[in-house]
Amino acid sequence: MIPQPENNPDSTLRVRLDQFDSRKGLDRGRPRWFEACWYLVKCAFFLSALPWPSALKCTLLRWFGAKVGQGVRIMPRTSIHFPWKLEIGDFCWIGQECEFLNFEPIRLGSHVALAHRVYVATGNHDYKDHTMPYRNASIQIDDGTWVASCTFIGPGVHIGEHCVVTAGSVVNKSVPAWSIVQGIPAMVVRKRVIER
C-alpha cells in the first residue's frame, strides 16, 4: 500500500477511474455518427503510409469542419482527433506521425512547421479529483514557429511567433515570441535571430 500524504485529511481516498465520466467536461462538437465517418476517412487517408496528396487531405479536413489555409503540406501517418476543432494557417508543414489530440481547439498560424512525431495535446485530467475529470485547454502556435521532432506540447500552451522548439522538448508553459526553447520541461535558452 502506498502511504498517504500527511496533509490529506481523508487517508481512505483513492483514485476511482471506474467513476470517470467520459461525457463530463468534454464537448465532442459533432454527433457520434459524424465522428465515426471522420475516423474511417482518417484511417484511409491520414494514418496511412501512402503518400496521398496534401491537397486532397486539406480538402477532406475542410469537409469535416477544419479551417485550412493555402499551401499546407501534410505528411503520411498524421493523426487528427477532431478536425472541426483545428485551424491551420497558410503554408504550414505537418511532418510524419504528428498527432493532434484536440479535445479543445488547436490553432496554427501561417508558416508553422511541425517536424516528425510532434504531439500536440489539449487533453488533460484533474489529478486532484479522485474521478480524474477532464481538464482540457486549447493550444495556439503563432506564425513562423518551427517545432522540431519528438516534441510534446501540452494543454493551454501559447507559443509566440517565430519561435524554435528544439527536438525532444516538453512544452507545458507558454513561450514568448522570438524565443528558442529546449528541454524537459522546455525553457527559453536564447532569443531567435534570423540573419539575412
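**Backbone, strands and contacts**

Modeller: Arg77 is found in the loop between β2 (73-74) and β3 (79-80). Please bear in mind that this is a predicted model.

Biologist: What is the phi of Arg77, and is the residue buried or exposed, or in between?

Modeller: Most residues other than glycine have a negative phi. Arg77 is not a glycine, yet its phi is positive, near 60°. Buried would require under 20% relative accessible area and exposed over 50%. Arg77 is therefore partly exposed, its relative accessible area being 39%.

Biologist: Where does Glu97 lie, and what is its relative accessible area?

Modeller: Glu97 is placed in the loop between β5 (93-94) and β6 (99-101). Although not a glycine, Glu97 has a positive phi of about 65°. Glu97 counts as partly exposed, with a relative accessible area of 30%.

Biologist: In what order do the five strands of the open sheet stand, and which are the edge strands?

Modeller: The five strands pair in parallel, in the order β1-β4-β7-β10-β13. An edge strand pairs on one side only, and this holds for β1 (67-68) and β13 (158-159).

Biologist: How many bridges join β7 to β10, and which residue is the bridge partner of Arg107?

Modeller: Strand β7 (residues 106-108) runs parallel to strand β10 (residues 139-141), and three bridges join them. The partner of Arg107 lies in β10 and is Gln140.

Biologist: Which residues are in contact with Gly168, leaving aside its neighbours within four places in sequence?

Modeller: Gly168 belongs to the loop between β14 (164-165) and β15 (170-171). Its relative accessibility is 33%, so Gly168 counts as partly exposed. With those neighbours left aside, the contacts of Gly168 are Ser149, Cys150, Thr151 and Ile184.

Biologist: How many Å apart in space are Gly168 and Thr151, C-alpha to C-alpha?

Modeller: Thr151 is one of the residues in contact with Gly168. The two are 17 residues apart in sequence. From C-alpha to C-alpha, Gly168 and Thr151 are apart by 4.6 Å.

Definitions and conventions: Residues numbered from 1 in each chain as written. Predicted model: local features only at pLDDT ≥ 70, side-chain atom pairs only at ≥ 80, totals over all residues. Heavy atoms only, no water. Helix = DSSP H or I, 4+ residues; strand = E, 2+ residues; numbered from the N terminus. Buried < 20%, exposed > 50% of the residue type's maximum accessible area, 1.4 Å probe, protein only. Pairing = 2+ DSSP bridges. Contact = heavy atoms within 4.5 Å.
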